[in-house]
Amino acid sequence: MAEPELELRQVHYFVAVAEEANFTRAAARLAMTQPALSRAVKALERTVGSALLVRSPQGVTLTPAGRTLLEEGKALLAQATRATAQVRREAAATSVVTVSGPGCDVLLLDRLVRAFNEARAPYRAQVSVGTIDDQLTRLRCGQADIALWRGPVTAPDLAARLLRHERGHVLVGSAHRLAERRSVTLAELADEPVIRWLGASASLSDPALWPDGPPGRPGVEVSDGLQMLAVVRLGQAVAFTADPDNGAGRPEGTVSIPLADGPRLPLHLVWVRERATTHVHRFIAHATPAARPDLPPPSSVARSVATVPGPASRADAVSR
């Protein structure tokens, strides 16, 4: 006669009891009754042929067999979670690939997604618009399969494909002394206070971009696009940005001026390594030529961009 097999449900119940060291707390955590949980654990003990818990009025403690099952059971549950997530991702990838980016890149996102969909792939891509700060979070939590990202990609769980390098710009207030210039040099910014970014947008201050040190004098520290825009409009500092022509244009009350001798800013497509499905790789391969800066932006963007619900911010258009 075949021996009874361990069920994931039983392991899940046991791990909760072992971690809480109390049936009442574990039952509340599992949203089930205490008697039902007690019966499930006893059934598990019969299945493995050994006592797993020592019960007392103060709670429960683990037997040697219980300690072994707790360690192995947590690993088993983690593997089951990963397997389930991967199967769901593969199933979803047969119908849609979600590409995320900040609102300031909506034109480029639209170009990449529409070019891919017009190639009549067996599945479709869609756009998800968020903020600069949340792109990597969107990837890791599964809201997006691919994201646009400027700056270095060093996290071991992420992979990246360089799409292109973009000309750097300086954003100044409309009343700034340089506002009428068609371009500026770094030397002309030597005495200018330059915004110092905190958070994701600090990638524009990456030392690799400025081997001789960042130009200008240290200015106000900001952590989001609205703060940056207010400081620039008031003339308190200037800000380095990527090319605004690739997105929604420059914000009102500001002027974006190309840096004649500034660094070229890298633009990447980024994805989570363990979620790199065949469809993700196909989109990335297709997007590389579609991202060439010499391609004209698509028309009627406002009517054609399909967005997926997600956090958005007025700061998107200015936080570069």
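A: The answer below begins with the core and then turns to surface, aromatic and backbone features.

The model is predicted, so that local features require pLDDT of at least 70 and side-chain atom pairs count only at pLDDT 80 or more, while totals for chains, interfaces and linings use all residues. Residues are numbered from 1 along each chain as its sequence is written, and side-chain values use heavy atoms, with hydrogens and water left out.

A nonpolar core is here a set of buried Ala, Val, Leu, Ile, Met, Phe, Trp, Tyr and Cys residues joined through side-chain atoms within 4.5 Å; buried means under 20% relative accessible area, exposed over 50%, and partly exposed in between (1.4 Å probe, protein chains only). The largest such core comprises 24 residues, and Val99, Leu112, Ile146, Leu148, Leu163, Leu269 and Phe283 have the most contacts inside it. Two or more residues each come from strands E3 (96-102), E4 (124-130), E5 (146-150), E6 (158-167) and E12 (264-272), and from helices H5 (106-118) and H8 (278-290). Helices (H or I, at least four residues) and strands (E, at least two) are DSSP runs, numbered from the N terminus.

Leu112 touches Leu148, Leu163, Phe283, Ala287, Ala290 and Ala291, residues up to four places away in sequence not being counted; contact means heavy atoms within 4.5 Å. Another core, of 21 residues, lies apart from the largest one and includes Tyr13, Leu30, Leu53 and Val60.

Leu8 counts as partly exposed because its relative accessibility is 42%.

Aromatic rings of Phe, Tyr and Trp (its six-membered ring) pair if their centres lie within 6.5 Å; planes under 30 degrees apart count as stacked, over 60 as edge-to-face and the rest as tilted. By this rule there are 2 aromatic pairs. One of them, Trp210 with Phe240, is tilted, at 5.0 Å centre to centre and 40° between the planes. This pair links distant parts of the chain, 30 residues apart: Trp210 lies in the loop between strand E8 (193-197) and strand E9 (217-222), and Phe240 in strand E10 (residues 239-241). Trp210 is buried, at 8% relative accessible area, and Phe240 counts as buried at 9%.

Most residues other than glycine have a negative phi. Ala21, not a glycine, has a positive phi of about 55°; Ala21 sits in the loop between H1 and helix H2 (23-30) and, at 28% relative accessibility, is partly exposed. Ala31 likewise has a positive phi of about 55°, in the loop between H2 and helix H3 (34-48), and counts as exposed at 72%.
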